[in-house]
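Trainee: I've just opened this one. Can you walk me through it?
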Amino acid sequence: MRVFRMALCSAPGAVAFGLLLMCAATVGPGHGGSAAGPGQAAGLADRAAPVLPPAAVPARRPANGPHTAALPRIVPRAKWLADAGYRKPPARYADRVTAVFIHHTDSPNGYDCADTPGIIRYLYAGQAGDRNWDDIGYNFLVDKCGTIYEGRAGGIDKAVVGAHAQGFNRGTAGIAAIGTFGADTPVPPAMAESIAALAAWKLGLANVDPRSRVRLTSTNSLSRFPKGRTAEFNAIAAHRDEYETYCPGQALMAALPEIRQRAAALQGR
């Protein structure tokens, strides 16, 4: 596997292995955030987004009934962890997940998808090893071929508290797109489709419309919002919405409105 150089998301061009996840995980372990109910949908960008590949959309369910989506194929963490495990405390859980935050790893895009497990191990080593976090911060990672990987331990169907959104980890899930998605880097359609499918399934467990707005309460003052402040986010939000960062990159930001619509369709809405 080739050697990867990781750049700080909030300072493009900087290279630092020990800080390779400042883009999406400037949060550290142990921070949380609480969630309340959904509201009206609102997009964050109107720029052209990638065209998502066609897929079967479930039949529309009754307007007042639960809206769920199929569980996408998720590669378990054992497939990438190998012998790189670090000692960590037991996973912590929230009651449910009402929002997902989208990240990019700010790493090179020219990788082979066969190398993805090694890339995730490298990210994990930077967080759980060099930075002594309790685990990798992201709940899930998606590569450019659309393969979804389990990240943080605790159970893919559980509301595992991650370390990906400073002050808003509790009641949310972090999904990281492997690569760097600045304005001139298109988001691969397979990646966008898998992010939509994963978000649709995860939010559907709590019957949350991916196009809705949710209210989250900050648990510390290291994000854009002081501790105790309740803020409103899209149910599928960008890392930069809650933290001072470029993450997940302008191209992925521009793709989010269509990803929300696709996720809603996969829920039968």
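Mentor: Start with a term: a disulfide is a pair of cysteine sulfur atoms within 2.5 Å. The link of cysteine 113 and cysteine 145 is right-handed, with 95 degrees about the S-S bond. This is a predicted model, where local features need pLDDT of at least 70, side-chain atom pairs count only at pLDDT 80 or more, and totals for chains, interfaces and linings use all residues. Residues are numbered from 1 along each chain as its sequence is written, and side-chain values use heavy atoms, leaving out hydrogens and water.

Trainee: How many disulfides does the structure hold?

Mentor: One. Its sulfur atoms, from cysteine 113 and cysteine 145, sit 2.1 Å apart.

Trainee: What does the pair tie together?

Mentor: Parts that are 32 residues apart in sequence, because cysteine 113 lies in the loop between strand S3 (99–104) and helix H2 (116–130), and cysteine 145 in the loop between strand S4 (140–142) and strand S5 (148–150). Helices (H or I, at least four residues) and strands (E, at least two) are DSSP runs, numbered from the N terminus.

Trainee: Is cysteine 113 buried or exposed?

Mentor: Buried, at 18% relative accessibility. Cysteine 145 is partly exposed at 45%. Buried means under 20% relative accessible area, exposed over 50%, partly exposed in between (1.4 Å probe, protein chains only).

Trainee: New topic. What order do the strands of the open sheet have?

Mentor: S2-S5-S4-S6-S3-S9, six strands with mixed pairing. Two strands pair if DSSP finds at least two bridges between them.

Trainee: Which strands stand at the edges?

Mentor: Strand S2 (74–75) and strand S9 (236–238). Each has a single partner strand, so one side of each is left without a neighbour in the sheet.

Trainee: In what sense do S3 and S6 pair?

Mentor: Parallel, over six bridges, with S6 covering residues 172–177. Histidine 104 stands opposite alanine 177 in S6.

Trainee: On to charges. How many salt bridges are there?

Mentor: Seven. A salt bridge is a side-chain nitrogen of Lys or Arg within 4 Å of a carboxyl oxygen of Asp or Glu. One of them joins arginine 152 and aspartate 134, with the closest N and O atoms 2.7 Å apart.

Trainee: Are those two buried or exposed?

Mentor: Both arginine 152 and aspartate 134 are buried.

Trainee: What about arginine 224: which residue is its partner?

Mentor: Glutamate 244, at 3.1 Å between the closest N and O atoms. Arginine 224 is partly exposed at 38% relative accessibility, while glutamate 244 is exposed at 57%.
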